[in-house]
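Here is a short report on a structure. It covers helix packing, strand pairing, the chain contact and the domains.

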Amino acid sequence: MTHFSQFGIDAALCQRVLQAALSRGADDADLFFEHSGSTSVALSDNKVNRASTHVDLGVGVRVVVGDQVGYAYTEDLTDTSMIQAARIAAEIAAGNRQHAPVSISEKRLADRYRASVPWEDVSLETRVRMVRDWEARAFAADPRVLKVETSLGDSYKHVLVVRPDGRAVYDYQPMTRGWVVVTAKDGERRESSAANLAQRAGLEFYTEERVARLCQKAVADTVALFEATKAPAGEMTVVLGAGSSGILLHEAIGHGLEADFNRKGISIFADRVGTRIAPEGVTVVDDGTLPFARGTINTDDEGNPAERTVLVENGILRGFLHDEISARHYGVAPTGSGRRESFRHVVLPRMRSTYMDPGPHAPEEIIASVDRGIYCADFANGQVQIGAGDFAFYVRRGYLIEGGKLTRPIKDVNLIGNGPDVLASIEMVGNDLHIDEGGWTCGKDGQSVPVSQGMPTVKVSKLSVGGVSQ
Amino acid sequence: MSQLFELARSTVARAQALGAHEVSVSVSRSTEISMMRRAGKLEQATQATSLGLSLSLLVDDRYSGHATSDLRPEALEAFLRRAIDATRVLEPEPERRQPDVADCGRGASEELLDSFDASRGALPVETRREAAERLEAAVDALPHREQVLSATIYAGDSEEESVRVMSNGFEGARRGTGFGAGVEMTLEEPGGRRPEAMAWYGANHRGDLPGAEAIAAEAWKRAAERLGAKPIASGRYPMLLQNHAAGRILGVIGGPLSGSELHQQRSFLSGRKDTPIASDRLTLTDVPDIPRAPGSRPWDGDGLVARRMPLIESGILRNYYINTYYGRKLGTPPTTGGRSNWVVSPGSRSPAEILRDVSRCIVVTGFLGGNSNGLTGDFSFGVQGLLVERGEVVGHIGEMNVSGNIEEVLKALVEPSTDVWTWSSLRAPSLFFDGIQFSGT
């Protein structure tokens with residue numbers, strides 16, 4: 001079975017387009033074909049009242065000369081349009097390197113997210129029943145629930161990366177995400193919160209256990225806010241709960257280890273490979289291979305296999321996340337981290353699933369060790385400045401820790417720190433690594449890609465907490 | 001444009017033939033060219049033309065929205081059939097019906113909005129390469145060039161034309177051009193920190209962009225203001241919020257002003273119309289008809305005629321963003337569904353005049369992360385800035401947060417300054433507040 005037909009093209013046409021891309025003597029080139037689609041149904045005001053579908057089809061042509069990139073794309077997959085795009089992309093090159101055409105052979109690199117029940121086989125009526133069921137569960141979970149909105153989205157991407165060395169790497173990338181948004185009322189107070197779950201999977205993802213967890217979490221997180229008050233202000237000890245607090249790794253170190261920033265010398269980690277950047281026992285991994293995870297890929301968007309990349313091993317910085325351009329610059333193999341939002345975007349080194357390996361401590365032991373600090377349970381978003389190393393993440397919900405115990409709930413507080421300082425001040429790592437199943441999306445240079453993150457319970461001796469002075 | 005209209009009209013007609021009762025179709029075509037330079041050479045050049053179609057449907061009062069870039073006739077036909085089938089399984093909501101065509105149409109004329117630079121079409125690709133080279137040369141000519149570790153130069157432009165055809169009879173076309181230029185600069189300081197900053201400018205007309213020297217100088221200034229940044233003691237301080245950064249704080253009220261959040265009972269501004277929510281020094285207006293401004297538009301998302309709308313007048317909340325659908329749900333006339341340009345009325349003193357009279361003040365120059373809660377108005381953002389005493393910069397601030405309740409903060413506005421920022425859809429001067437909560441050490 002050939003996958004060229006998925007895009008209405010054939011191997012001979014790809015050869016011609018690649019030849020046009022390489023016609024000005026470039027070092028390398030690739031064609032990135034993408035055919036994607038999505039469907040979502042949504043419920044609000046007790047009605048399943050909104051549906052949407054989206055279809056996208058096109059090709060991106062990249063021409064590479066050293067670390068220079070010429071890029072063009074088109075949604076029109078005819079000979080004329082694609083060759084024109086290839087010639088435009090080729091304008092960056094002016095050399096005489098020759099590439100002999102080689103025969104193109106199709107490959108699939110791995111099979112990490114095969115859907116048992118693909119969304120193509122799921123009726124819209126089934127989707128409608130699901131979002132209604134989630135709504136009913138949310139209303140049933142607590143009498144204070146006032147409004148519920150639910151939605152179910154699923155999408156697919158067929159991608160085909162064609163290279164001058166004859167590789168044509170195909171992948172089918174499914175994704176689904178379920179959302180539940182709850183508004184609750186207690187006396188005169190109202191609070192709202194949302195929960196979502198996402199994976200590269202089909203209908204089988206929504207097991208009874210997961211659906212119950214999704215609806216329960218949306219309601220529990222909302223009503224917990226009634227008890228919560230503002231956080232204190234200033235520097236203090238912070239305990240990060242297992243799971244979504246992987247956002248700390250994503251911001252504090254992950255972006256800073258994307259090799260493009262280091263190739264340009266603009267990351268605070270640029271000169272630190274082989275040196276200690278965290279205490280013994282801290283191992284940080286970016287992994288493209290976790291079965292079904294939102295951040296997992298069978299192939300990256302340059303046609304290279306995704307791998308498990310150890311970034312920090314027992315506190316020592318081991319290396320960066322590479323696409324082909326940065327890998328060539330550093331004389332290392334690419335790590336399968338070259339990703340792009342769509343055929344309209346150039347490849348960049350990006351994270352996949354970022355997490356910290358577990359350590360020796362029980363979570364209760366970590367909390368008990370803190371006399372005064374805060375515990376972070378639920379997160380919204382984060383950001384980093386690559387060069388200065390300053391990063392921030394927003395805690396939607398947490399607790400004060402007083403005398404080794406979780407006491408007053410807190411909410412809506414931004415935490416800020418400096419990446420290297422915070423890594424150096426990790427004091428305890430828990431034994432409870434959990435990869436969060438939330439629908440995390442990472443933004444860089446205007447491109448969004450799906451990622452996962454995970455963390456065991458971790459204690460950081462000092463972070464700046466953006467609350468109010470007591 | 002006629003090709004786009006043809007595709008939009010035929011899609012409306014085909015969707016109706018397949019069973020849709022109301023249809024709205026937008027078709028847009030865009031081209032973009034961008035150049036990125038670094039370390040003396042062109043690092044990236046992108047060029048593309050793009051065509052896409054989006055539509056919303058009402059089938060027996062059931063509503064759905066769709067988009068596609070696969071415009072091959074057989075693919076479009078299959079797409080429409082699937083879209084209509086998907087709509088039939090939903091529950092009806094007559095509130096989704098299109099507005100009366102009498103309320104739809106153009107506000108400001110194309111001539112007044114002046115968002116299209118006709119010279120773009122004739123520009124050779126080389127003009128963009130040269131613009132990037134000039135900008136890089138301006139960075140290289142900076143007096144402290146040796147402290148610049150890396151400077152990435154961006155230059156590019158785009159053009160978009162789009163048409164809208166609705167089954168209620170409304171048809172409209174608009175076009176615009178955009179030119180952008182920017183520098184992202186990283187400096188080096190002892191200890192390994194590499195503070196960075198970006199200066200970026202966009203304009204509808206090529207001739208409106210600042211000169212290369214001014215852009216390079218602004219990038220340097222912003223990056224240099226981050227050298228040696230560190231937190232200071234937590235506490236309440238006067239705050240001068242710089243004009244270009246004001247959107248982060250004022251934007252906290254954006255969600256709570258929207259019809260969807262009011263209807264879902266998720267807005268702290270619910271029921272607050274015609275009551276004070278800010279200091280009487282704050283006047284904020286939605287202005288869709290500013291010539292050459294990025295947020296200007298002839299009509300809104302529903303096709304309704306775009307009109308000026310007061311949001312806050314001398315501290316009093318005057319209007320919400322309510323589209324046709326939420327207007328019917330909330331039982332109130334629609335205003336408009338979303339913001340165009342936000343204009344904050346200026347005061348009478350420059351930032352320097354204001355700062356001269358303050359013994360100790362944090363000037364916020366930028367934000368890092370953070371978020372807000374639309375039900376309470378509470379927010380917490382990371383900040384960078386300057387510590388200023390009687391007009392003199394005495395330190396650079398980083399790794400700090402600013403927190404509070406947006407209503408309390410807007411009520412703490414002492415005065416807006418005179419220096420209105422004109423490079424974004426938020427046209428605000430620097431804003432001076434008293435007693436704002438910062439947390440640091």
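## Helix packing in chain A

In α1(A), the residues Leu13(A), Arg16(A), Val17(A), Ala20(A) and Ala21(A) meet Asp79(A), Met82(A), Ile83(A), Ala86(A), Arg87(A), Ala89(A) and Ala90(A) of α2(A). Sorted by class, the residues of this contact are nine nonpolar, three charged and no polar. The model is predicted.

Helix α1 of chain A covers residues 11-21, and helix α2 of chain A covers residues 79-90. Their axes are 7 Å apart. The packing angle is about 25°. Angles under 35 degrees count as roughly parallel, and α1(A) and α2(A) are therefore roughly parallel to each other. The crossing of α1(A) past α2(A) is right-handed.

## Contact between the chains

How many residues of chain A are in contact with chain B? There are 68 of them, and they touch 62 residues of chain B. Strand β2 of chain A, residues 47-65, gives the most to the chain A side, with twelve residues. By class, that side has 27 nonpolar, 26 polar and 15 charged residues.

Strands also pair across the two chains. Strand β3 of chain A (residues 68-74) runs parallel to strand β2 of chain B (residues 41-59). Five bridges join β3 of chain A to β2 of chain B. Tyr73(A) has Ala48(B) in β2(B) as its bridge partner.

## A sheet in chain B

Chain B holds an open sheet of five strands. The order is β10-β9-β8-β11-β16, and the pairing is mixed. Strands of a sheet pair through backbone hydrogen bonds, in a parallel or an antiparallel sense. Which strands form the edges? They are β10 (316-317) and β16 (426-427) of chain B, and each pairs on one side only. Inside the order, β8 (residues 284-286) and β11 (residues 342-344) of chain B pair in the antiparallel sense. Three bridges link β8 and β11 of chain B. Thr285(B) has Val343(B) in β11(B) as its bridge partner.

| Strand pair | Sense | Bridges | Bridge partners |
|---|---|---|---|
| β8 (B, residues 284-286) and β11 (B, residues 342-344) | antiparallel | three bridges | Thr285(B) and Val343(B) |

## Domains of chain B

Chain B is divided into domain 1 and domain 2. Domain 1 spans 2-224. Domain 2 is made of 235-250 and 346-439. The C-alpha centres of domain 1 and domain 2 of chain B lie 30 Å apart.

Conventions
Residues are numbered from 1 along each chain as its sequence is written. Chains are lettered from A and ligands numbered from 1 in the order in which they are written. This is a predicted model: local features need pLDDT of at least 70, side-chain atom pairs count only at pLDDT 80 or more; totals for chains, interfaces and linings use all residues. Axes are lines fitted to C-alpha atoms, for helices over the stretch in contact, and angles run from 0 to 180 degrees between N-to-C directions. Helices (H or I, at least four residues) and strands (E, at least two) are DSSP runs, numbered from the N terminus. Angles under 35 degrees count as roughly parallel, over 145 as roughly antiparallel, 65 to 115 as roughly perpendicular and the rest as oblique. A crossing is left-handed if the near helix is turned anticlockwise from the far one by less than a right angle, and right-handed if clockwise. Two residues are in contact if their C-beta atoms, placed from the backbone, lie within 7 Å. Ala, Val, Leu, Ile, Met, Phe, Trp, Tyr, Cys and Pro count as nonpolar, Asp, Glu, Lys and Arg as charged, and the others, Gly among them, as polar. Two strands pair if DSSP finds at least two bridges between them. Domain bounds come from an automatic or database domain assignment.
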